[in-house]
Amino acid sequence: MGKQFSGFLSQNARCQHCNEPLGRYDAGLLTALLVGLVIVLVFAGAFLVIELAGGTSPLYYLVILLPISVAASLLVMRPCKGGLIGLLWALRANDRLER
Ligand SMILES: [Zn+2]
């Protein structure tokens, strides 16, 4: 398997292994939308559970929950983008009009 990304999120134009033109599949904004949605759902759920269990100081959310949510979104960003590019590839949903 070839590498899909050259930097943290920058896509290689072609697969280094099979020369598939993966640069055609642009998952940029869809990645941000999906990651944002998942992280908000998970951390709003955590916030709700904590509040329903009695709640803590607002500082707790700022010091613990906020950095964890940022780290979690950075962690899931690459796998999400890779998966979305794979999905777009499987659906042949690229920016060229060839069916
Ligand atoms: Zn390949």
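A crossing of two helices is called left-handed if the near helix is turned anticlockwise from the far one by less than a right angle, and right-handed if clockwise; by that convention the crossing of H1 and H2 here is right-handed. The model is predicted, so that local features need pLDDT of at least 70 and side-chain atom pairs count only at pLDDT 80 or more, while totals for chains, interfaces and linings use all residues. Residues are numbered from 1 along each chain as its sequence is written.

The chain has two helices and zero strands, both being DSSP runs numbered from the N terminus (helices H or I, at least four residues; strands E, at least two).

| Helix | Residues |
|---|---|
| H1 | 28–52 |
| H2 | 58–90 |

The axes of H1 and H2 come within 9 Å and cross at roughly 145 degrees, where axes are lines fitted to C-alpha atoms, for helices over the stretch in contact, and angles run from 0 to 180 degrees between N-to-C directions. Contact requires C-beta atoms, placed from the backbone, within 7 Å; among the residues meeting across the pair are Leu 34, Val 38 and Phe 43 in H1 and Leu 65, Val 76 and Leu 84 in H2.

Ile 85 lies in helix H2 and counts as buried because it has 21 C-beta neighbours inside 10 Å, the cut-offs being 20 or more other C-beta atoms within 10 Å for buried, 12 or fewer for exposed, and partly exposed in between, with C-beta atoms placed from the backbone. Leaving aside residues up to four places away in sequence, Ile 85 touches Gln 4, Leu 22, Tyr 25 and Ala 27. Of the 99 residues of the chain, 7% count as buried.

Notes:
Contact = placed C-beta atoms within 7 Å.
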